[in-house]
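Please look at the sequence and the structure before reading on.

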Amino acid sequence: SDYDIGRLAMILKSTNEFVGWSGLKYEREVRQEFNYYDVGYRLKESFWGHGYATEAAIASLDYGFNTLNLKEINAAADV
């Protein structure tokens, strides 16, 4: 990508099952006021409640802040 980021597939190591996706994205469409770096994830419902989203979000934030040296990372939720 243009920003060295993107959404990545999440695969459960023990079964090789597709869990969902997660990662950073440079968001240009959600907010009309400004563009921003977004942390996000979407998991198959059968994988909810196991801490996978938390683990992925922490890894994404670590990469954004400590590798890319971003000053700010945001997120959006669809109500």
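**Contacts, cores, strands and buried residues**

Q: What does Ala53 touch, not counting residues up to four places away in sequence?
A: With residues up to four places away in sequence left out, Ala53 touches Tyr41 and Leu43. These are called contacts because the term requires heavy atoms within 4.5 Å. The model is a predicted one, in which local features need pLDDT of at least 70, side-chain atom pairs count only at pLDDT 80 or more, and totals for chains, interfaces and linings use all residues. Residues are numbered from 1 along each chain as its sequence is written, and side-chain values use heavy atoms, with hydrogens and water left out.

Q: What makes up the largest nonpolar core?
A: The 7 residues of the largest nonpolar core are Met10, Leu12, Val19, Leu43, Phe47, Ala53 and Ala56. Two elements each give two or more residues to this core, namely strand S1 (7–12) and helix H1 (52–67). Another core, of 6 residues, lies apart from it and includes Ile5, Leu24, Tyr37 and Val39. Each is called a nonpolar core because the term denotes buried Ala, Val, Leu, Ile, Met, Phe, Trp, Tyr and Cys residues joined through side-chain atoms within 4.5 Å. In soluble globular proteins, nonpolar side chains tend to be buried together.

Q: Why is Asp38 called buried?
A: Asp38 has a relative accessible area of 6%. Buried means under 20% (exposed is over 50%, partly exposed lies in between; 1.4 Å probe, protein chains only), so Asp38 is buried.

Q: With which side chain does the side chain of Asp38 make a polar contact?
A: The partner is the side chain of Arg7, at 2.6 Å. This value meets the definition, a pair of N or O atoms within 3.5 Å; within protein, one must be able to donate a hydrogen and the other to accept it, and residues adjacent in sequence count only if both atoms are side-chain atoms. The side chain of Asp38 also reaches the backbone nitrogen of Ala76, at 3.5 Å.

Q: In which strand is Asp38 found?
A: Asp38 belongs to strand S3, residues 36–43. The name follows DSSP runs, numbered from the N terminus: helices are H or I with at least four residues, strands E with at least two.

Q: How do S1 and S2 pair, and over how many bridges?
A: S1 and strand S2 (residues 17–27) pair in the antiparallel sense over 6 bridges. In S2, Glu17 is the bridge partner of Leu12, while Gly23 stands opposite Arg7.

Q: What makes S1 and S3 the edge strands?
A: S1 and S3 each pair on one side only. The 3 strands form an open antiparallel sheet in the order S1-S2-S3.

Q: Why is Ser22 described as buried?
A: Ser22 has a relative accessible area of 8%, so the limit for the term places Ser22 among buried residues. Ser22 sits in strand S2, and its bridge partner in S3 is Tyr41. Not counting residues up to four places away in sequence, Ser22 touches Gly6, Arg7, Leu8, Met10, Gly40, Tyr41 and Ala56.

How values were computed: Pairing = 2+ DSSP bridges.
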